[in-house]
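Have the viewer open and follow along.

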Number of protein chains: 2
Amino acid sequence: MVMTQQMRVGVLGAGGLGRGMAQLCAQRNDIRLVAMADSQAYAFDAQGLDPLAVADCSTLLDVAGAVPSADSIIDLLKAHGSQIDGLFMALPNLPVTFYAETVQMILNETGYKGVMVDALKRTKAVEAMLGLKDQIRDRGMVYITGCGATPGFLSTAAAVAAQSFVEVTEVKIWFGVGVACWEDYKATIREDFLHMPGFTADQVYAMTDADIEAELAKHNGLLELHHMEHADDLLLEMAGVCSRDRVTVGGLVDTKSPNKPVSTTVTITGRTMSGKTGSHTFTLSDATTMVDNVCGPALGFLRAGHLLQADAKSGLFASTQVMPVYTLASVSLPAVAV
Amino acid sequence: MVMTQQMRVGVLGAGGLGRGMAQLCAQRNDIRLVAMADSQAYAFDAQGLDPLAVADCSTLLDVAGAVPSADSIIDLLKAHGSQIDGLFMALPNLPVTFYAETVQMILNETGYKGVMVDALKRTKAVEAMLGLKDQIRDRGMVYITGCGATPGFLSTAAAVAAQSFVEVTEVKIWFGVGVACWEDYKATIREDFLHMPGFTADQVYAMTDADIEAELAKHNGLLELHHMEHADDLLLEMAGVCSRDRVTVGGLVDTKSPNKPVSTTVTITGRTMSGKTGSHTFTLSDATTMVDNVCGPALGFLRAGHLLQADAKSGLFASTQVMPVYTLASVSLPAVAV
């Protein structure tokens, strides 16, 4: 099967990631951004939205033709779901069950049955999503969970790297993130606080932006995070790579500089056939941003989900079980089987 | 779908790679080695061969119950093909069309319709295989080509890594290989000569082992290979990552030491959304051998092919289009869709 048409993509959420995805769509001629929704409105155009216009506006209400709605996701999918091949979920994830509840609502209140991917981070959030697997399969939907950078890009690379070993003893993800302006990534930085000692989800949820900012100032804008509850553990277990206790995720987030305080790496350690221990390392370019490493892979998983659906597959998949699909304008579009 | 049974695997060829695969099977309880064939005989046992016994014998004729045959592959598959889920092709690849001719023979003379994977290296060899795509699909077979280290493991890692970039400008594979005893890898080392200046396929095919050894001695056992004709280029093009002229493969082979003269790396360079240029790097552990990085991934692709076939898919796939499947004894067996 050869994909010859643009994939029609919708983005749910218009924070840093959602806007980043819109900007990325502007540079990808295999993708047509047809829909975007925020908390106040949705915008839809079957011929394609202007991705840079939706990325730049302060609210979707300002976009020409946008439909004001306090229930924008449901209203969008009821009206236009059949014209959207795939959805990228770029919503805030507080509380931890918010994505699962949103997908449950989509299942209950709309007939949407395209592809969906999320960039969830927390293990508990992905676990909540697993509870929907039967409904997702029965609807004929393909849902791929954990399609961001970590989990997603890095855990999928780890699942490939694992192949050299007869036993994987440790997968260690250590990331560096630099954000020039923390306010562009409020939701993400808030989530990071969940991994700092002494903060509970309820506390973080109750903090004002000023509270977050004051807390950041205490640490000179640098957050060092260890043993984060990241779903890379669950997703690598689902792919059969190793049990989840062998996966650790941590890193450094600099909220005062766009430069990464450390290069992002994933180190896959295992036992070889001859009984030796060795580590493969995948190191990301410092020139790539969180948006590059979240939105690019998310699009690759969306395209992979589209191919799965074209093959009459449905169900809930872990990103680690799916080869993301890359399509360049300069080469013929990819065929799963030639 | 959940795989609950061992996959029954046959190995065609009993050189360094074929024997390495047998040794690996001994450590993988998700795989049962049921068949092996060399130029003089085949061995088959539905309950499983003793992998270490077949890896150690000087000829399969010495294995208890082996069947002498000058046409061992065809005779094996005619007699027992329906009891073999997947085949790893570990044959010498001189001339360059030998694999394609062998698969054509299997299609013509046997009813085999399981999974097949190869560890082909040369672009022309994979191109010859592509000519069989319609026959492979019509037979209901799943054939995954280029499932070794390079192409295969490294090019698949590159296809994942590509996801961060809006354009991939270069994929550079630079490998280090150390072999203690070149005679264990005669066929592979011979193929390397095809990439040395001044050697044609006909010349290499005509060289005796003594000729090869004399040539190696001239270079103190170290072969430096540049711009090798490796199918990573074709396979990354098939996956839509970049046009084949952007992929280069080279490296250092030390034929006098088991230690790698340089760490094996794949560097994926591309343009980011914001217009910057960056490179991701995947570096292999020096503790992993050619067998670890060829046979481990080949098993991962065999299992992936088995899952594709269970989903009623058939056809010829590039390794770069397929997520290899890893299964550890210590965790529950993987489900493609949960």
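The report below goes from the symmetry of the chains to a cavity, a helix, the nonpolar core and one arginine.

**Two copies**

Please keep in mind that this is a predicted model. Chain B is superposed on chain A by a rotation of 180 degrees, with 0.0 Å of shift along the axis and an RMSD of 0.0 Å. The two copies are therefore related as by a two-fold rotation axis. Both copies use the same surface, since 100% of the contact residues of chain B recur in chain A.

**The cavity and its lining**

Rolling a probe the size of a water molecule over the atoms shows where empty space is left. Searching the whole structure gives 1 cavity of 30 Å³ or more. The largest cavity holds about 40 Å³ of space. Which residues line the largest cavity? From chain A they are A:Ala157, A:Ala158, A:Val160, A:Ala161, A:Ile268 and A:Phe282, and from chain B they are B:Ala157 and B:Phe282. By class, the lining of the largest cavity has 8 nonpolar residues, with no polar and no charged ones.

Helix H7 of chain A, residues 153-161, gives the largest share of that lining, with 4 residues. Is H7(A) mostly covered or mostly open? It is mostly covered, as 9 of its 9 residues are buried. The buried residues of H7(A) run from A:Phe153, A:Leu154, A:Ser155 and A:Thr156 through A:Ala157, A:Ala158 and A:Ala159 to A:Val160 and A:Ala161.

**The nonpolar core**

In soluble globular proteins, nonpolar side chains tend to be buried together. Here the largest nonpolar core has 176 residues, and A:Phe88, A:Phe193, B:Phe88 and B:Phe193 have the most contacts inside it.

**A buried arginine**

B:Arg190 sits in helix H8 of chain B, which covers residues 186-193. With a relative accessible area of 13%, B:Arg190 counts as buried, because the cut-off for buried is under 20%. Between B:Arg190 and B:Met323 there are 30 Å in space, C-alpha to C-alpha, and the two are 133 residues apart in sequence.

Key:
Residues are numbered from 1 along each chain as its sequence is written. Chains are lettered from A and ligands numbered from 1 in the order in which they are written. This is a predicted model: local features need pLDDT of at least 70, side-chain atom pairs count only at pLDDT 80 or more; totals for chains, interfaces and linings use all residues. Side-chain values use heavy atoms; hydrogens and water are left out. On a 1 Å grid over the protein atoms alone, a cavity is a set of points where a 1.4 Å probe fits but cannot get out, and a pocket is an open set with protein on both sides within 12 Å along at least five of seven lines; lining residues have an atom within 4 Å of a point. Grid points are joined across faces, edges and corners, and a volume is the space filled by probe spheres set on the points. Helices (H or I, at least four residues) and strands (E, at least two) are DSSP runs, numbered from the N terminus. Ala, Val, Leu, Ile, Met, Phe, Trp, Tyr, Cys and Pro count as nonpolar, Asp, Glu, Lys and Arg as charged, and the others, Gly among them, as polar. Copies are superposed by least squares on the C-alpha atoms of residues with pLDDT of at least 70 in both. Contact means heavy atoms within 4.5 Å. Buried means under 20% relative accessible area, exposed over 50%, partly exposed in between (1.4 Å probe, protein chains only). A nonpolar core is a set of buried Ala, Val, Leu, Ile, Met, Phe, Trp, Tyr and Cys residues joined through side-chain atoms within 4.5 Å.
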